[in-house]
Amino acid sequence: MNYLTNHTIHFDSAKSFSDVQDGSVALIVTSPPYPMIEMWDESFGKQNSDIRAELDNGEPLAAFELMHGILDEVWKECTRVLCEGGIACINIGDATRTIDNNFRLYSNHSRIISSFLKLGFSNLPNIIWRK
Ligand SMILES: C[S@@+](CC[C@H](N)C(=O)[O-])C[C@H]1O[C@@H](n2cnc3c(N)ncnc32)[C@H](O)[C@@H]1O
């Protein structure tokens, strides 16, 4: 068996890997920006200006959904490039945040699992690190 692998780096948004063929990837491991963790607001905001507006308007759930809308595009692209039986490993943390005096949890892990289930993936046992 040949264990040699080829490594290439693509500088592109994960929303569209135009030079990666359909069904050509066996394993995806990724740590995307975490929706509603403040340090990633700018990154999401640059990709959809409505996100900043919703945060500024005190509409965090709308911002949360728009952020996940960007990740949903990535998950769709992952589905395209993964081969039959391919695996996607997503490293994500939930977010806790106070906006307008309202402290709450933004459950990123469950939102992402729900996206992948809709795309037809089978959920495998998760590793949940409770900090
Ligand atoms: C939680 S960090 C992960 C950092 C990474 N594990 C590392 O060690 O550098 C999320 C990363 O996703 C990048 N990112 C944000 N939107 C992206 C997109 N549409 N396509 C690809 N990467 C993106 C951010 O710039 C950031 O570097």
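Me: Where is M36 found?

Reply: M36 is in the loop between β1 (25-30) and α1 (41-47). Keep in mind that this is a predicted model.

Me: And what's its phi?

Reply: Phi of M36 is near 70°, which is a positive value in a residue other than glycine.

Me: Is M36 buried or exposed, and why?

Reply: M36 counts as buried because 24 other C-beta atoms lie within 10 Å, and the cut-off for buried is 20 or more.

Me: What about I37, buried, exposed or partly exposed?

Reply: I37 belongs to the loop between β1 and α1. I37 has 18 other C-beta atoms within 10 Å, so it is partly exposed.

Me: How many Å separate the C-alpha atoms of I37 and Y106?

Reply: They are 9.1 Å apart, while I37 and Y106 are 69 residues apart along the chain.

Me: Which other residue has a positive phi without being glycine?

Reply: N101 is one, with phi near 65°. N101 sits in the loop between β3 (95-99) and β4 (102-106).

Me: Buried or exposed, that N101?

Reply: N101 is exposed, because it has 5 C-beta neighbours inside 10 Å. For M36, by contrast, the call was buried.

Me: OK, switching to helices. How do the axes of α2 and α3 cross?

Reply: Two packed helices are described by the angle between their axes and the distance between the axes. Here the axes of α2 (residues 49-56) and α3 (residues 60-81) cross at roughly 160° and come within 7 Å. The two helices are therefore roughly antiparallel to each other, since angles over 145 degrees count that way.

Me: Is the crossing left-handed or right-handed?

Reply: The crossing of α2 past α3 is left-handed.

Me: Which residues meet there?

Reply: From α2 there are D50, I51, E54 and L55, and they meet P60, A62, A63, L66 and M67 of α3. By type, the residues of this contact divide into 7 nonpolar, 2 charged and no polar.

Me: Tell me about L66. Which residues is it in contact with, leaving aside neighbours within four places in sequence?

Reply: Those are N48, D50, I51 and E54. L66 itself lies in helix α3, and it counts as buried because it has 22 C-beta neighbours inside 10 Å.

Me: And how many Å separate the C-alpha atoms of L66 and C83?

Reply: That separation is 28 Å, with the two residues 17 apart along the chain.

Me: New topic, the ligand. Which residues are around it?

Reply: Around the ligand are S13, A14, K15, S31, P32, P33 and S43. This shell divides into 3 nonpolar, 3 polar and 1 charged.

Me: Let's zoom out. How many helices and strands does the chain have?

Reply: The chain has 4 helices and 4 strands. Starting at the N terminus, the order of the elements is β-α-α-α-β-β-β-α.

Me: What box do the C-alpha atoms fill?

Reply: Taken along the principal axes, the box is roughly 60 × 30 × 25 Å.

Me: And how many of the residues are buried, as a percentage?

Reply: Of the chain's 131 residues, 16% count as buried. M36 is buried, and L66 is buried too.

Me: Last one: what share of contacts joins residues at least 24 apart?

Reply: That share is 61%, among contacts between residues at least 6 apart in sequence.

Technical notes: Residues are numbered from 1 along each chain as its sequence is written. This is a predicted model: local features need pLDDT of at least 70, side-chain atom pairs count only at pLDDT 80 or more; totals for chains, interfaces and linings use all residues. A residue is near a molecule or strand if its C-beta atom, placed from the backbone, lies within 6 Å of it. Ala, Val, Leu, Ile, Met, Phe, Trp, Tyr, Cys and Pro count as nonpolar, Asp, Glu, Lys and Arg as charged, and the others, Gly among them, as polar. A residue is buried if 20 or more other C-beta atoms lie within 10 Å of its own, exposed if 12 or fewer, and partly exposed in between; C-beta atoms are placed from the backbone. Axes are lines fitted to C-alpha atoms, for helices over the stretch in contact, and angles run from 0 to 180 degrees between N-to-C directions. Angles under 35 degrees count as roughly parallel, over 145 as roughly antiparallel, 65 to 115 as roughly perpendicular and the rest as oblique. A crossing is left-handed if the near helix is turned anticlockwise from the far one by less than a right angle, and right-handed if clockwise. Two residues are in contact if their C-beta atoms, placed from the backbone, lie within 7 Å.
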